[in-house]
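Please keep the sequence and the 3D view open while reading.

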Amino acid sequence: MSEPRLTHAFADALPEFAVETTAASFPDRTLIVLNDDLSRELGLDTDWLRTPEGLAWLTGAGGGHATAYVGHQFGQFAGLLGDGRALLLGDLAGYEIQVKGSGRTAFSRGMSDGKGALGPMLREYLVSEFMHAAGIPTTRALAVVATGERLIRDGRPAQGAVVVRVASSHLRVGTVQLAATQSEELVRRVVEFAGFATASELLDTVINRQLNLVAQWMRIGFVHGVMNTDNVTLSGETIDYGPCAFTEDFDPKAVFSSIDTGGRYAFGNQPDIMAWNLTKLAEALVPVLDIDEAQAMLATMQQRWDELDTSRRDDLVFKPRNRMLGNAIKDAERGDLGPYFLLLGAVTDPYNPKAGPAWLAQPEDPEPFVTYCGT
């Protein structure tokens with residue numbers, strides 16, 4: 001099989017938001033994990049993906065586009081952000097394929113090398129695939145590939161790696177916000193590219209999608225950790241698994257992210273934060289949306305939330321418990337992938353008590369645990 005033939009719908013529809021970019025050159029690519037089922041769903045040849053040519057494609061050797069967006073981060077408008085370490089390779093079988101950790105782009109900030117370390121890439125792969133198996137809308141993971149590079153993270157050496165992400169769309173609230181800073185015509189084009197006839201239809205649909213998503217997070221104790229507007233998709237898929245974690249005792253004050261020192265994105269705050277983010281979406285749509293209509297729609301959020309099921313789910317025998325996953329990742333970084341694959345097998349069949357050993361299903365003590373964004 002030759003290299004997959006991708007289309008580039010995002011860059012074609014919104015060229016102002018897409019910067020053609022070449023990935024870094026990597027010295028020694030090694031496949032760590034490949035999602036065979038997802039590969040086949042996308043029409044990809046799993047044997048070819050394991051070849052040197054396939055691994056080069058997975059790490060962005062064919063180039064792609066870094067996409068632009070703005071965002072509110074921790075409640076403050078942060079201005080232009082964009083993909084500082086990711087490339088949108090293109091579209092295949094109705095999905096967008098993006099590689100994270102592929103090197104610097106036009107949106108990389110400061111001294112960032114735009115590359116990823118193995119641990120955070122393995123975390124995103126496993127947690128996103130668990131969410132998919134649990135029936136929660138999410139981006140998915142196609143592969144993790146070690147790049148053969150040695151990086152320095154937090155003053156320590158780390159093995160370089162990329163994760164290949166698959167999403168129905170990478171459009172974010174931050175994409176609409178960026179369009180709103182440019183022109184009314186550009187906002188209309190984003191609405192159209194997102195698949196909506198009107199801005200009111202987009203807002204109504206995204207409110208439903210995102211409130212339903214957060215309700216599902218709350219039911220399993222999931223803490224996203226960095227609910228900035230640039231991490232909120234129009235598709236309603238969970239995206240960006242950097243500092244995510246799970247609260248074992250469903251503590252409303254549970255915070256795990258090292259950068260969330262004020263607890264803004266604590267477990268119990270997530271519904272209100274999503275409502276705040278959706279308000280920012282409505283504000284960005286104002287150039288093409290009647291203000292009174294937008295306010296009336298936002299006023300229904302509490303009622304919509306009250307109608308959702310937020311009761312604790314007890315039917316998941318397996319999930320990526322914080323220390324189990326942390327320890328499995330540490331072992332993987334030392335070269336022992338056995339614990340990681342044991343946990344991966346269990347959490348991607350989370351309703352099956354025979355998918356893993358009984359000890360993997362045991363709750364952990366709700367002791368302090370810290371996660372990092374992985375940038």
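Predicted model: local features only at pLDDT ≥ 70, side-chain atom pairs only at ≥ 80, totals over all residues.

How many bridges join strand E2 to E9, and do the two strands run parallel or antiparallel?

## Strand E9 and its partners

Strand E2, which spans residues 30-34, is joined to E9 by four bridges, and the two strands run antiparallel. Strand E9 itself covers residues 140-153 and is mostly covered, since eleven of its 14 residues are buried.

E9 is also joined to strand E10, made of residues 156-167, by ten bridges, and this pair likewise runs antiparallel. Here Ile152 has Pro157 in E10 as its bridge partner. The two strands E9 and E10 form a hairpin with two residues between them, and in that turn Asp154 has a positive phi of about 55°.

## Helix H8 against helix H9

Helix H8 (residues 199-220) and helix H9 (residues 270-285) have axes that come within 10 Å and cross at roughly 165°. Because angles over 145 degrees count as roughly antiparallel, H8 and H9 are therefore described as roughly antiparallel to each other. The crossing of H8 and H9 is right-handed.

On the side of H8, the residues that meet H9 include Ala199, Leu202, Val206, Gln210, Val214 and Trp217, while on the side of H9 they include Gln270, Pro271, Met274, Leu278 and Leu285. Sorted by class, the contact of H8 with H9 has 15 nonpolar and two polar residues, with no charged residues.

## Helix H8 against helix H10

Helix H8 also packs with helix H10 (residues 291-298), at an angle of about 15° and with the axes of the two helices 11 Å apart. That angle makes H8 roughly parallel to H10, and the crossing of H8 and H10 is right-handed.

The contact is made by Ser200, Leu203, Asp204 and Ile207 of H8, together with Glu293, Ala294, Met297 and Leu298 of H10. By class, this contact of H8 with H10 has five nonpolar residues, one polar residue and two charged residues. Two of the H8 residues named here, Leu203 and Ile207, are also among those in H8 that meet H9.

Definitions and conventions:
Residues numbered from 1 in each chain as written. Heavy atoms only, no water. Axes fitted to C-alpha atoms, helices over the stretch in contact; angles between N-to-C directions. Parallel < 35°, antiparallel > 145°, perpendicular 65-115°, else oblique. Left-handed = near helix turned anticlockwise from the far one by under 90°. Contact = heavy atoms within 4.5 Å. Nonpolar A, V, L, I, M, F, W, Y, C, P; charged D, E, K, R; others polar. Buried < 20%, exposed > 50% of the residue type's maximum accessible area, 1.4 Å probe, protein only. Pairing = 2+ DSSP bridges.
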